[in-house]
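Hi everyone, thanks for coming. Let me put the structure up on the screen, and then I'll walk you through some of its helices and residues.

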2 protein chains.
Amino acid sequence: MTSVKSGSKQDTRIGAKPAVNGAHKAAIRQENEEQILAAAEQVFADYGFKGATTARIAEIANVPKANVHYYFSTKEALYRRIMEDVCDHWLEAAMTFDNSADPAVILRGYIEAKMDLSRARPYGSRLWAHEIIRGAKFSSDYISTTVKNWLDSRVVVIRGWIDEGKMDDIEPYSLMYMIFATTQHYADFGRQIEIFNNDKPLSEEQFAEAKENVVKIILKGVGLN
Amino acid sequence: MTSVKSGSKQDTRIGAKPAVNGAHKAAIRQENEEQILAAAEQVFADYGFKGATTARIAEIANVPKANVHYYFSTKEALYRRIMEDVCDHWLEAAMTFDNSADPAVILRGYIEAKMDLSRARPYGSRLWAHEIIRGAKFSSDYISTTVKNWLDSRVVVIRGWIDEGKMDDIEPYSLMYMIFATTQHYADFGRQIEIFNNDKPLSEEQFAEAKENVVKIILKGVGLN
DNA sequence: ATTTATCTTGACCGTTTGGTCAGGTTAAAA
DNA sequence: TTTTAACCTGACCAAACGGTCAAGATAAAT
């Protein structure tokens, strides 16, 4: 980790100065923000908004607490910023649920995308879980607009499939909730699964098998293929 | 609510005194403990162990904060006590998953029992979610013994069904995780579902339909019936 | 009627919390 | 080289935190 950041001692390395147009300062800012954001995502995911402390975030980010407040005015501002990131990633996965292909292909793709997201960014999933469990105090607007609009449009697509006789007559909301629940479970309850798995995280093979099983049960369960 | 509890003023009601053998004192203790436990379950479910405050618990239980500490020595003792209750209720639902009947009947019964528990005691489910998300710091022993033993024994039962050709060859752990996830989702993410449902909690009819859909998808998904 | 055991609670304590700030360092611009 | 703008942080603060306690109130036992 050859940090761009210089310590409190003067940096005398050759080439440590100019670059172009204040690139050094910009790099410092970017690196510090990233470190703080990553630490905050983890701490908020572990303890929720109320339970998380700025001191712990600073400790994990490896910066003094005052520096956290230099980059993010308040704990709430930091939390909101991370929620935005989480939502952006969720939207990305949502985009894989288009309506341009075979229902089975689309559902498989969406389930796999969500499970991969669960594995790649478990902290984001857990943060979302905290947020909803607590009553969605910061994100009810986002859910009742962006997410709900997306969900409702997918429900229409699914109802279309049902009307065309491509799948069983299943209430689409129930199906979508099931997909949400199952895919996020592998992140949110990852610790529990780990304990059941003899205190070892799921290997890549185990996770791939789990993914395939989830796809298989759901697709067959709604009469696809 | 004709409280047994007398205020700070003297209680001069006829019949307010003896009962039998200190029954009044016992009733006071029971009522206060119940009120505190109910309040604590809610507050811990909302904020997790770290985020919850004894002041908030006292406020909701409608007793002075010092009284909370009179009945439960520490915040942690109170938390552990509630976790025990939650585990007891989980065990009750687990018992419905016996191995004495038809696989479809057993699975249906277990799924319905877990969903009913989700609806009847959403706070317990959310508290469990907090506990696991944070890393099961208080309950990893319980999970790695009681819960794991139960789960492993159910996995054996399911493998038996598969060997007998009664259902598809599905990894039993994947199936059980799916049931855990989906049934608990209706409690843990109840707020999200409520928002999707036009800001109204699911009615009894809606919930019954959801339950039936979950059962239908999973049973068909694993090739039962 | 008196004693004893339990219940009640305002006031308090040491610690942790989110947040501030003055005074310093460093890098870029002039 | 000097100036300026951005970055850094130890020390600090008021509020909130978990927990304690002495003194009083109430109910059961004697």
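First, some housekeeping. This is a predicted model, in which local features need pLDDT of at least 70 and side-chain atom pairs count only at pLDDT 80 or more, while totals for chains, interfaces and linings use all residues. Residues are numbered from 1 along each chain as its sequence is written, chains are lettered from A and ligands numbered from 1 in the order in which they are written, and side-chain values use heavy atoms, with hydrogens and water left out.

When I say helix, I mean a DSSP run of H or I with at least four residues, numbered from the N terminus (strands are runs of E, at least two).

Let's begin in chain A with helix α4, residues 75–95. How far apart should its ends be? At 1.5 Å a residue, the 21 residues should span 30 Å, and the end C-alpha atoms are 31 Å apart, which agrees. The expected span here is 1.5 Å times one less than the number of residues. Several residues of α4(A) are buried, among them A:Leu78, A:Tyr79, A:Trp90 and A:Ala94. Buried means under 20% relative accessible area, exposed means over 50%, and partly exposed is in between, using a 1.4 Å probe and protein chains only. What covers those buried residues of α4(A)? The cover includes α1, α2, α3, α5, α6 and α7 of chain A.

Now for one of those covering helices, α6(A), residues 122–133. It has 12 residues and reaches 16 Å from its first C-alpha to its last, close to the 16 Å expected. Is α6(A) largely enclosed, or largely open? 10 of its 12 residues are buried, so α6(A) is largely enclosed by the rest of the structure. The buried ones include A:Gly124, A:Trp128 and A:Ile133. After α6(A) comes A:Gly135, with a positive phi near 115°.

Next, how helices pack. Two packed helices are described by the angle between their axes and the distance between the axes. Axes are lines fitted to C-alpha atoms, for helices over the stretch in contact, and angles run from 0 to 180 degrees between N-to-C directions.

Over in chain B, helix α4 (residues 75–95) packs with helix α5 (residues 103–120) at an angle of about 155°, with the axes 8 Å apart. That makes α4(B) roughly antiparallel to α5(B). For the cut-offs, under 35 degrees is roughly parallel, over 145 roughly antiparallel, 65 to 115 roughly perpendicular, and the rest oblique. From α4(B), the contact is made by B:His89, B:Trp90, B:Ala93 and B:Ala94, and from α5(B) by B:Tyr110, B:Lys114 and B:Leu117. Contact means heavy atoms within 4.5 Å. Those contact residues divide into 5 nonpolar, 1 polar and 1 charged. Ala, Val, Leu, Ile, Met, Phe, Trp, Tyr, Cys and Pro count as nonpolar, Asp, Glu, Lys and Arg as charged, and the others, Gly among them, as polar.

Compare that with helix α7 (residues 140–163) of chain B and α8(B), whose axes come within 9 Å and cross at roughly 120°. These two helices are therefore oblique to each other. Their contact includes B:Trp150 and B:Val155 of α7(B), together with B:Tyr173 and B:Phe180 of α8(B). This time the division is 11 nonpolar, no polar and 2 charged.

Let's stay with α8(B), residues 172–188, and look at B:Ile179, which is found there. B:Ile179 is buried, with a relative accessible area of 0%. Leaving aside neighbours within four places in sequence, B:Ile179 is in contact with B:Leu107, B:Tyr110, B:Ile111 and B:Ile218.

In chain A, A:His185 lies in helix α8 and is buried, at 3% relative accessible area. Which residues does A:His185 contact, beyond its neighbours within four places in sequence? They are A:Gly190, A:Gln192 and A:Ile193, along with B:Tyr177, B:Phe180 and B:Ala181 of chain B.

To finish, please find A:Asn62, in the loop between α2 (54–61) and α3 (65–71) of chain A. Its phi is near 65°, a positive value in a residue other than glycine. A:Asn62 is exposed, with a relative accessible area of 60%. In chain B, B:Asn62 also has a phi near 65°, and at 59% relative accessibility B:Asn62 counts as exposed.
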